[in-house]
Amino acid sequence: MPDGSGALIYFNNGKSNYPPYRQEIYGTDLAVEHTDVLAWSEKARMPVFGIIKKNGAVLGIIEKGAAVAIVNADVSGRENSYNYVYPSFYVIHKDDVVLQGEGQKRSFPRYQESPVKTDFVVRYVFLSGDDATYDGMAGYYRQYLMENDMLRKNITEKPDDNIPFYLQLVGSIPTRKHFAGVPYKALEPLTAFEQTEIILSELEEAGVSNIKLKYSGWFNGGEHHKVPKSVSVDRVIGGKKGLTDFLNYIKGKDISLYPDVALLRVYNTSNFNETREAARRLTALPAAVYPVDLALNRHDRNRDPSYVLSPRYVNDYVEKMLSGMEKLGFDGISLRDLADELNSDFRRNNQIDRTVSERISVQALDEIYRNGYNIMARGGNAYAWRYVTDITDLALGNSRYKIEDEAIPFYQMVIRGFIEYTGTPYNLSTYTNYRHYVLKCLEYGSNVYFVWSYEPSNKVKDTDFDYLYSVYYKEWLDLAKQVYQQVNAVLKPVKGRKIISHRKLMDGVFETVYENGVHVIVNYNREAVVVDGVLIEAEDFYVGGGAG
């Protein structure tokens, strides 16, 4: 399954009483999704699926129509005696229009005006022998992408460099303040440019190098900035002069800057016309996305929503954004959503379906790439691989659907050596044990990632940014140094190297083999295990082999 980093469903696993697997490629279309109740899951970012039996395997690659594809799978015992996986496709979406009046409610179906504008093509590849494994599938898919110019080596560092340390700093957030009892909107600075220099200098003193800095909340009104029709550096964090001084500070240092920009989602509507520029649902309403109430696990409609930008404006906004950023002297950019979301626009008589939206996103990525920017992207849908140098917030596991049996690093096996990547930031993750985070990084070949601010975390209390509940950098600096040193010691010798093999040795024990012969065995268990005569302590790892 392409769920998250990849997942396995064992044959005849007896889980026919659980729901079958069904997942949309590239996640949910926000112009279609409208349920208030949330069901957390990872996204399926790869248009692939497969099945392995004894010494034979078949790999499916969705070549056309992936944007409207769904991968389905089930085990024997529910409807028939077979274990199976297959793709299906949306041709026409449907929604319900609800009419209310005089205490009565009726709903009518409404369909999109025309079928999706794409063919549906699935390539089936038959593998045998040693290739009839998910290792072999990943190797074939990687080679297929290279031959079709859909994956290229975008890593520019020298092989003997230390691994990257990914750090996101939050510049400012919009918040509500009061003066003489009168409420007003203002920007709350969390990390000004001068304070960023302090954090980076402390990291350097701690021995952390090759820092890849994603800086969010720096322009057009903070973290939830206005649409980038123009680019204006926020004064509360230092303004244009503060940015210039900061760029001079990092010049010649082992630091790469990626200013963060949201393009597909509009959070601040002060220079945005939602009637004209927002994507429309099938119900003809603008596609609004309400913030999540974590306590109730549903969208909170009492708070201001963000809007889905109509794909027809994406390339125009990208050109204007690049024009503004060119004057500031950046050589990198962080894309918050361009490689993470994919949405339709069902505006009457001017429909853009999801396959057309994918082509628009690819054009936008190509435009940014051709302007010479190093691209850091959040999420990393497969159509973006050709252009990005770095991916953050990459799934290091699956959605843990009950029908699934095991998570595998299939995604990482495909892109490692071509694109640098990291998972979710440790200090905002669900890890309760930093050792498990280290082990997961080693098993998946992933780099280290933190999100910080210079100001204490209580600054986000009672704001729309309470999800940044633990970002005060002083509380994490020592642990970040420790985690980075441990991961770097193991992954530095395999930097830029592919993962050629991965397997589960026993419950909680996994082995990852890199192309230069180095192999890493991780033990997540709370007791020691013995593997091929080697004792691996509880929540520890073993590194063998040698660089070739």
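Leu396 touches Ser5, Gln412, Gly423, Lys440, Tyr444 and Ser446 once residues up to four places away in sequence are left out of the count, where contact means heavy atoms within 4.5 Å. The residue sits in the loop between β22 and β23, and, with a relative accessibility of 15%, Leu396 counts as buried; buried here means under 20% relative accessible area, exposed means over 50%, and partly exposed is in between, with a 1.4 Å probe and protein chains only. Leu396 and Gly445 are 49 residues apart in sequence, yet their C-alpha atoms are 9.7 Å apart in space. Strands and helices are DSSP runs numbered from the N terminus, a helix being H or I over at least four residues and a strand being E over at least two.

The model is predicted, so local features need pLDDT of at least 70 and side-chain atom pairs count only at pLDDT 80 or more, while totals for chains, interfaces and linings use all residues. Residues are numbered from 1 along each chain as its sequence is written, and side-chain values use heavy atoms, with hydrogens and water left out.

Most residues other than glycine have a negative phi. Asp149 also has a positive phi without being a glycine, in this case about 55 degrees. Asp149 belongs to the loop between α1 (134-147) and β10 (165-170), and its relative accessibility of 35% makes it partly exposed.

Another loop position to look at is Gly65, placed between β4 (56-64) and β5 (69-74). With a relative accessible area of 8%, Gly65 is buried. Leaving aside neighbours within four places in sequence, Gly65 is in contact with Phe89, Thr118, Asp119 and Phe120. Lys117 is 52 residues from Gly65 in sequence, and the two are 8.9 Å apart in space, C-alpha to C-alpha.

In soluble globular proteins, nonpolar side chains tend to be buried together. Tyr141, leaving aside its neighbours within four places in sequence, is in contact with Pro47, Val48, Leu59, Ile61, Ala382, Trp385, Phe410 and Val414.

Helix packing can be followed next. Two packed helices are described by the angle between their axes and the distance between the axes. Here the axes are lines fitted to C-alpha atoms, for helices over the stretch in contact, and angles run from 0 to 180 degrees between N-to-C directions. Helix α8 (residues 434-444) packs against α9 at an angle of about 30 degrees, with the axes 10 Å apart. This makes α8 roughly parallel to α9, since angles under 35 degrees count as roughly parallel, over 145 as roughly antiparallel, 65 to 115 as roughly perpendicular and the rest as oblique. On the α8 side, Tyr434, Arg435, Tyr437, Val438, Cys441 and Leu442 meet Leu479, Gln482, Val483, Gln486, Val487, Val490 and Leu491 of α9. By class, the residues of this contact are ten nonpolar, two polar and one charged, where Ala, Val, Leu, Ile, Met, Phe, Trp, Tyr, Cys and Pro count as nonpolar, Asp, Glu, Lys and Arg as charged, and the others, Gly among them, as polar.

For helix α5 (residues 314-326) and helix α6 (residues 354-370), the axes come within 9 Å and cross at roughly 15 degrees, which means that α5 is roughly parallel to α6. Their contact is made by Val314, Asn315, Val318, Met321 and Leu322 of α5 together with Ile360, Gln363, Ala364, Glu367 and Ile368 of α6, and its residues divide into seven nonpolar, two polar and one charged.
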